[in-house]
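Student: I'm new to this one and would like a close look at a single part. Could you walk me through the main nonpolar core and what surrounds it?

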Amino acid sequence: MITTSGLTKVYESRGRQVTALDGVDLHVREGEVFGVIGQSGAGKSSLIRCVNLLERPTSGTVTVDGTDLTALAGKGRRAGKDLRRARSSIGMVFQHFNLLSSRTVKDNIELPLEILGVSGAERSRRALELLDLVGLADKAKSYPGQLSGGQKQRVGIARALAGEPKVLLSDEATSALDPETTRSILQLLRDLNRQLGLTVLLITHEMDVVKTICDSAALMQKGRIVESGTVAELLATPGSQLAAELFPVSGHATADDRTVVDVTFHGEAATQPVVSQLARTYNIDISILGAAMDTVGGKQIGRMRIELPGRYEENVVPIGFLRERGLQVEPVEDPRDGTAAAVPAQQHVLAKESAK
Amino acid sequence: MTWEEMRPLLEQGTVDTLYMVLWATVVTIVAGLPLGVLLVLTDKGGLLQNRPLNKVVGAIVNIGRSLPFIILLIALIPFTTFVVGTFIGPTAMIVPLAIGAIPFFARLVETAIREVDHGLVEAVQSMGGGIPTIVRKVLLPQALPSLVAAVTTTVIVLIGYSAMAGAVGGEGLGSKAVTYGYQRFDTTFMLVTVVVLVAIVTIVQLLGDGAVRLLARRGRTA
């Protein structure tokens, strides 16, 4: 639905060149919620603004719903008619909502329809319908200044949907909101994604956002995408930073003669109660040191850190049993003696960052 | 002079002053508003970035603003005669008044429009809005309270200018004050004229402030 290839953006200020995007290849499938996560300055904002060409990429192409937007843009600074038409089928929500304080909530939602040339009666009908959809039917006559942050973002979402877009871009839509409001806005985005088949590309610096609603995610660092894929694919990638952040597990061996392994659950294999099967088959005691699991569509995905009695060499058979079940098993190095095979340390790549 | 003698002079003067100021304000808004918008749009990083045009318009506006009004008034006599047919009387005075106020108003418009959050412009761009849409639906409505305040300030400046115009063949309260108050040494009449001018300015300021408050209240708090 959204494809960027070789997307590069170089800013020039006072003779110095700053590369914000360095050859970004991104592919967002139709109907999915795709999250791009990274620290501020990683280029996320430039990326999402290049998707609807609010920012002109220095090189590379952007294709949305089969239309090459970079070809429509032409050379000039001003957006031509074709690009403006294409933009009207891409909704966008902003961190600071960007509602017009001089217009009522209803009139704000009608604005994109005015631009599209929709008649007054039809605009009014659609605006009320959208207000109902985002749960603000009683706020039509209010001004944005009278609403809370969460309500403003709901209006922002309703406005973004007015042109019946197939794609919604979310530029840190929840970063200015408190945790509870963030959850309700994410839930709304999730519902819209399911109900309307809306493809959502969002950027965020909060791992929780990705965890809550994303089907796929990409990690951005210094203008590049360093990891990308569906949540299951990321989990299946050994040493994935994103998987480690999404499903963090901790804990280490309780005694010397113990083996600690991380078991990753994803795909078909994750439907069976493997841990109890393992315990019964080999008559061993298993301790669960830590787990980060989610059940999505009846399947369990996530990771679990378990401890088996005996050294690693003695546990080859039980580990083989888990691998036979289609699970991914990685031994965890014991920090005290370093017996097991080395596993890349799980570093916290995404330091907590306060909302901008 | 008795009150009976003063009254018709004051009435005529007030009518002439209001006539000149009103029409000069209309012309100033019609010409100054687009000029102010142009200054913002053509500036560096603006939607219609055009440095040479911006520099030229900016220079003309600055020259217009730095000329003392009394000089402008005299310098414009040939132009005024060309446009109106005469340079004497309230109708003729509309020309120099408007030309004196346009650069001033254009700068106030520029400042007001710069205050509008750029995020709103981006939001409308993301909806597929072009520059005319951005100007009509974002920049002007969002800046409206500041624009109304700018008009108020301009009207008051024009009232001051119009009194000066009285010295160069204009009509209005200024002309009456010069003729009867100054040249005939009638201090009482001079004082009464000043009181009337102060009253007019106060009323304009109150009306303007009221309108700004009404517009600003909309959308901010309940």
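Predicted model: local features only at pLDDT ≥ 70, side-chain atom pairs only at ≥ 80, totals over all residues.

**A look at the core**

Tutor: An unreviewed UniProt entry lists residues 20–41, 53–77, 83–106, 146–168 and 188–208 of chain B under "transmembrane region". In the model, the span 20–41 of chain B is 100% helix and 0% strand, and its end C-alpha atoms are 31 Å apart. For residues 53–77 of chain B, the figures are 88% helix and 0% strand, with 28 Å between the end C-alpha atoms.

Now for the core itself. The largest nonpolar core has 143 residues, and the members touching the most others are A:Val51, A:Ala158, A:Leu201, B:Leu97, B:Ala101, B:Val109 and B:Leu158. From chain A, at least three residues come from domain 1 (2–236) and at least three from domain 2 (247–331).

Pick B:Leu97 and see who's around. Leaving out residues up to four places away in sequence, B:Leu97 touches B:Met20, B:Ala24, B:Leu158, B:Tyr161, B:Ser162 and B:Ala165. One of those, B:Leu158, is also on the list of core members with the most contacts.

Over in chain A, A:Val51 is on that list too, and it's one of the buried residues of helix α1(A). That helix covers residues 44–51, and seven of its eight residues are buried. Besides A:Val51, the buried set takes in A:Lys44, A:Ser46, A:Leu47, A:Ile48, A:Arg49 and A:Cys50. Just past the helix, A:Leu53 has a positive phi of about 60 degrees.

How values were computed: Residues numbered from 1 in each chain as written. Chains lettered and ligands numbered in written order. Core = buried A, V, L, I, M, F, W, Y, C linked by C-beta atoms within 7 Å. Buried ≥ 20, exposed ≤ 12 C-beta atoms within 10 Å, placed from the backbone. Domains from an automatic or database assignment. Contact = placed C-beta atoms within 7 Å. UniProt positions renumbered as here; feature names shortened; annotations may be inferred. Helix = DSSP H or I, 4+ residues; strand = E, 2+ residues; numbered from the N terminus.
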